[in-house]
Amino acid sequence: MQSQETLSGDFGQQPLATVLAGLAADSRSGVLVIDGGGEVWIDNGSIYLAVTESSNQVADVLFASGVSTETEIAALLSSPDGEAARELANRYPDSIPTLDRLLHEYNLAALFELIVPSTRAFRFDPGSRHPVGATFAEPVAQLLDQAEGRLEIWKKIATRIPNTSMVFRLTGALPSEEEERVVSADEWRYLAMLNGRASIADVIQSTGESAFRVCSSLYRLLLEGLITEEEASG
């Protein structure tokens with residue numbers, strides 16, 4: 001029988017990774033509520049939803065799958081059954097890979113923010129369940145490994161892109177040793193906005209992508225010499 005014991009403390013005493021690993025080992029279900037607006041929803045020791053104070057609404061993430069209407073999604077999320085993701089997957093089976101990818105990225109982006117060392121207080125409320133449901137839950141260890149990997153990458157990115165107020169523009173030509181460069185769909189979307197006026201924050205807001213996704217792509221473009229920082233005027 002699963003323990004219903006409550007848990008509380010702060011990350012100065014127990015880092016988030018340690019807390020989540022313990023919840024996973026005990027196959028707990030409920031929500032880890034973090035001071036400042038963070039939440040990590042767990043089902044039988046696996047994470048199915050993670051949010052921060054800066055996360056988009058989960059309804060917007062589900063709507064981004066392009067398979068349902070805002071009205072239908074809102075209705076599913078207000079259902080007492082609490083299985084919105086499962087219902088969407090059942091009704092629109094072709095959307096399963098997209099839903100899986102979007103929720104994975106959403107949860108990973110939140111965990112990436114939450115694992116930054118802090119002394120924020122937390123409590124675990126056993127038995128609580130989010131209406132999105134646990135259909136696309138993932139193992140704690142898997143998501144933590146990826147989030148911690150992103151944190152290491154972010155430290156490198158920050159050496160060249162220390163804040164999202166920076167403004168970039170395309171360089172005038174490819175580096176002299178390159179005759180061509182294949183551009184990915186993500187890179188094309190970002191490049192199209194680099195007009196010397198739009199900041200990275202503007203790109204993030206317009207595309208709806210995570211700061212990590214946008215900055216990591218711009219970091220690669222910067223290292224390759226395809227973009228350059230716009231000099232401040234005046």
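## Helix H4 and its neighbours

The buried residues of H4 pack against helix H2 (58-63), helix H3 (70-77) and helix H5 (96-114), where contact means heavy atoms within 4.5 Å and buried means under 20% relative accessible area, with exposed over 50% and partly exposed in between (1.4 Å probe, protein chains only). Helices (H or I, at least four residues) and strands (E, at least two) are DSSP runs, numbered from the N terminus. This is a predicted model, in which local features need pLDDT of at least 70 and side-chain atom pairs count only at pLDDT 80 or more, while totals for chains, interfaces and linings use all residues. Residues are numbered from 1 along each chain as its sequence is written, and side-chain values use heavy atoms, with hydrogens and water left out.

Helix H4 itself covers residues 84-91, and its buried residues are Ala-84, Ala-85, Leu-88 and Ala-89. Because these residues cover an arc of only 135 degrees around the axis, they are on the same side of H4; the arc is that of the directions from the helix axis to the C-beta atoms.

## The pair H4 and H5

The axes of H4 and H5 come within 9 Å and cross at roughly 155 degrees, the axes being lines fitted to C-alpha atoms, for helices over the stretch in contact, and the angles running from 0 to 180 degrees between N-to-C directions. The two helices H4 and H5 are therefore roughly antiparallel to each other, on a scale where angles under 35 degrees count as roughly parallel, over 145 as roughly antiparallel, 65 to 115 as roughly perpendicular and the rest as oblique.

In this pair, Ala-85, Leu-88 and Ala-89 of H4 meet Ile-96, Leu-99 and Leu-103 of H5. By class, the contact of H4 with H5 holds six nonpolar, no polar and no charged residues, where Ala, Val, Leu, Ile, Met, Phe, Trp, Tyr, Cys and Pro count as nonpolar, Asp, Glu, Lys and Arg as charged, and the others, Gly among them, as polar.

## The two sides of H3

In H3, the buried residues are Glu-72, Ile-73, Leu-76 and Leu-77. Seen down the axis of H3, these buried residues fall within an arc of 130 degrees, so they line one face of the helix. They pack against H2 and H4, whereas the face of H3 turned away from its buried side carries the exposed residues Glu-70 and Thr-71.

## H1 against H6

Helix H1 (residues 16-25) packs against helix H6 (residues 140-160) at an angle of about 165 degrees, and their axes are 10 Å apart. That angle makes H1 roughly antiparallel to H6. The crossing of H1 past H6 is left-handed, a term for a near helix turned anticlockwise from the far one by less than a right angle, with right-handed used if it is clockwise. On the H1 side the contact is made by Ala-17, Leu-20, Ala-21 and Ala-24, and on the H6 side by Val-140, Leu-144 and Glu-148. The contact of H1 with H6 has six nonpolar, no polar and one charged residues.

Within H1, Ala-17 is partly exposed, with a relative accessible area of 22%. Apart from its neighbours within four places in sequence, Ala-17 is in contact with Leu-144 and Glu-148.

## H8 against H9

The axes of helix H8 (residues 200-207) and helix H9 (residues 211-223) come within 10 Å and cross at roughly 125 degrees, which makes H8 oblique to H9. The crossing of H8 and H9 is right-handed. Here Ile-200, Val-203, Ile-204 and Thr-207 of H8 meet Ala-211, Val-214, Cys-215 and Leu-218 of H9, and the contact has seven nonpolar, one polar and no charged residues.

## Gly-196 in strand E8

Gly-196 lies in strand E8 (residues 195-199) and is buried, with a relative accessible area of 18%. Leaving aside its neighbours within four places in sequence, Gly-196 is in contact with Val-167, Phe-168, Arg-169 and Glu-230. The C-alpha atoms of Gly-196 and Leu-170 are separated by 8.1 Å, although the two residues are 26 residues apart along the chain.

## The protein as a whole

The protein has nine helices and nine strands, and its C-alpha trace spans about 65 × 45 × 35 Å along its principal axes. Of its 234 residues, 42% count as buried. Among the contacts with a separation of 6 or more, 71% are accounted for by residues 24 or more positions apart.
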